[in-house]
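Please keep the sequence and the three-dimensional view side by side while reading this report.

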Amino acid sequence: MCGIIGYTGDRDCVGIILRGLERLEYRGYDSAGLAVLEDGRVDIRKAQGRLSNLAELVKASPVRGNIGIGHTRWATHGEPSYINAHPHADANQRLAIVHNGVIENSYTLRQGLAQKGIAFISETDTEVVAQLLGYYHTGEMLTTLYRVLPMLEGSFALAILDRERPDTIYCARKGGPLIVGRGAGGSLIASDIPAILSYSRDIFFLGEAEIGAVTPEGVSFYDSLGNPLEKTSVHIDWDIDAAEKDGYPHFMLKEIHQQPKVLEETLRHYVDMEKLAVRRERMPFTPAEAKALRRLTLIGCGTAYYAGLMGQSLIRRLARLRADCEIASEFRYSEPLIEADEAFIAISQSGETLDTVAALRLAKAAGRPVIALCNVIGSTVAREADQLMYTLAGPEIAVASTKAYSAQALTLMILALDLAHLRGHMTTAELKTALRALGEIPGQAERLLGQKERIQYFASRHFNCKKIFFIGRLEDYYLAMEAALKQKEISYIHSEAYSAGELKHGPLALIEEGALVIALATQSRVLDKTMSNLLEAKARGGKVVAVGQSPTPELLAAAEVWELPAADERFAPLLGAIPMQLFAYYMALQLGRDIDKPRNLAKSVTVE
Ligand code: M6R
């Protein structure tokens, strides 16, 4: 959600800011703007809608300078509009600020300032911060920040220009991410790595409640009490091209196609495939800890939650361990019963999802160990957890998560196998057999992608359908949830996931001519049952599709079948995810949707 970029150095900042904002487009936005310090004044340009509108505006009404900040806004307080777009200034036009996050007490603060005679232009909580900084300005920005920041409740990542300090960008965070890098003849700040990756690979992460003063020569960090902080940078070795489309029409299609490589790399990171052994040093539990563990709680949101459900299922089944996956936004307010011998896994691609971060903190406050399953190096989840399992998906740009999901599910499968082995529910020979089978998955995924035309053709014939039901049992039910989310997220077709056995308990009444019913069927122990549920849907007029391995001649005659390569069925859901992603993609393509940036959604959800 919202994107921030800033530059101070010896180059003109406008091009750097616009390019940086382009790299942040994937986060979702509805307006954009920039502020530049030029000849002792703050010059602001803002435009509603796409970034190209801002670029046009800057062309028509040029602005230049060596220091500036830019922003893509995703509306929270006030509608998407020119007026509400960032940057916002204080009453004296001394300051310009951009902000990610939500100031929860902005209404009260606004009223207080209004009583002091401050007139507001916009409806935003961000302008409240700008006016507070202006009103309480001590003449020096750092002391002003120490005065004003404690007044703010909620979350924020702030970048601030002060015309009296024409070489410095001030930044502060609580909740939302902010990074600082050196490059392009100066220094840069951003809310996310891709924005500055072409200029800087050694990145400083602003910590919780920290403040930064960024100049062309470097950056000084302070804690919330004003004490200087020493920080070391983290080297980012992501491929810059990873943030380009590489000839694919959309990032989502590119990322779907990257999955065989992502699966291979994630697998080899955690498993020595030559020895068929889990790399002990990269696993979160020692043998003694694994044996002592009584309960594992996984937490995440959206797709990360669905990957967690897949992990929950395999950990229960294979490792005979009580594992429960919880929605982070529910967990954090549920007064959860946290037990003494319980460990947590916080799953997050971005590592910045506010609810997941809050749930992680709750578990830590209860004294429980938290393992992060995370894709973004240096993110909040990665930094605050006690241990880290990285997924090696590389930067995921499309809002709809695909390769990160696969990497999360695979990592949890490897963890389930390791726990099963350490807890004595799987022999070493059985573990090797399982790992060998897991090693087949990347190649099988590659072959599956080769059959995408069939799904594309099906989408071209059914994109007008009004509703889609995804059904499955056990792991396939969790896969169905992810399939339905993907579909609604980018095609906007109403899609629901049901446990196949639940159809008869209500949802069957919704099946009629024109409904699509897709059965995920990778688990042989419930295959017959799921298939009979599918045929019940067919008998009520549904157009039915089965996704599974080795279909019987009867099934081929009764349904459209998307056949999966013959894989070990413990891992087959990894393959089943691919046709579901392609199906959502091609339906959305037919419908002319904005696939990489679906309406109302953001890549990184840093507000509640
Ligand atoms: O970055 P996270 O994994 O924490 O994000 C969680 C969800 O917001 C995310 O998975 C969302 O559901 C995706 N857009 C789904 O494709």
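Which residues does R383 touch, not counting residues up to four places away in sequence?

## The surroundings of R383 and the basis of the report

R383 touches R173, F205, L206, G207 and G378, once residues up to four places away in sequence are left out, where contact means heavy atoms within 4.5 Å. R383 itself belongs to helix α12 (residues 380-384); helices here are DSSP runs of H or I with at least four residues, strands are runs of E with at least two, and both are numbered from the N terminus. With a relative accessible area of 34%, R383 is partly exposed, a class that lies between buried (under 20% relative accessible area) and exposed (over 50%), using a 1.4 Å probe and protein chains only. Between R383 and A404 there are 21 residues in sequence and 19 Å in space, C-alpha to C-alpha.

This is a predicted model, in which local features need pLDDT of at least 70 and side-chain atom pairs count only at pLDDT 80 or more, while totals for chains, interfaces and linings use all residues. Residues are numbered from 1 along each chain as its sequence is written, and side-chain values use heavy atoms, with hydrogens and water left out.

## Aromatic pairs

A pair of aromatic rings is described by the distance of the centres and the angle of the planes. In the whole structure, a search finds 10 aromatic pairs; rings of Phe, Tyr and Trp (its six-membered ring) pair if their centres lie within 6.5 Å, and planes under 30 degrees apart count as stacked, over 60 as edge-to-face and the rest as tilted. One of the pairs joins Y135 and Y136, whose ring centres are 5.0 Å apart and whose planes stand at 80°, so this pair is edge-to-face. Y135 is partly exposed, with a relative accessible area of 38%, whereas Y136 counts as buried at 19% relative accessibility.

F331 and F344 also form an edge-to-face pair, with 5.8 Å from centre to centre and 65° between the planes. This pair links distant parts of the chain, since F331 lies in helix α10 (residues 328-331) and F344 in strand β20 (residues 342-348), 13 residues apart. Both F331 and F344 are buried. Elsewhere, F458, W562 and F583 form one aromatic cluster.

## Charges over rings

The charged end of R110 sits over the ring of F120, at 4.4 Å from its centre; a charge is said to sit over a ring if NZ of Lys or CZ of Arg is within 6 Å of the ring centre and within 35 degrees of the ring normal. K231 lies over the face of F221, and the distance to the ring centre is 5.3 Å.

## Two helix pairs

Two packed helices are described by the angle between their axes and the distance between the axes. The axes of helix α3 (residues 106-115) and helix α4 (residues 125-135) come within 10 Å and cross at roughly 45°, where axes are lines fitted to C-alpha atoms, for helices over the stretch in contact, and angles run from 0 to 180 degrees between N-to-C directions. The contact is made by S106, L109, R110 and L113 of α3 together with D125, V128, Q131, L132 and Y135 of α4.

For helix α14 (residues 428-449) and helix α19 (residues 572-590), the axes come within 9 Å and cross at roughly 25°, and the two helices are therefore roughly parallel to each other. From α14, the contact involves L438, I441, Q444, A445, L448 and L449, and from α19 it involves L574, L575, I578, P579 and L582.

## Backbone details in loops

The peptide bond from H86 to P87 is cis, with omega near 0°, and P87 lies in the loop between β4 (67-73) and β5 (88-89).

What is the phi of L276 near? Phi of L276 is near 50°, a positive value in a residue other than glycine. L276 is found in the loop between β16 (271-272) and β17 (277-278), and at 10% relative accessibility it counts as buried. L474, a residue other than glycine, likewise has a positive phi, near 55°; L474 has its place in the loop between β23 (467-472) and α16 (475-491), and is partly exposed with a relative accessible area of 38%.

Note on methods
Angles under 35 degrees count as roughly parallel, over 145 as roughly antiparallel, 65 to 115 as roughly perpendicular and the rest as oblique.
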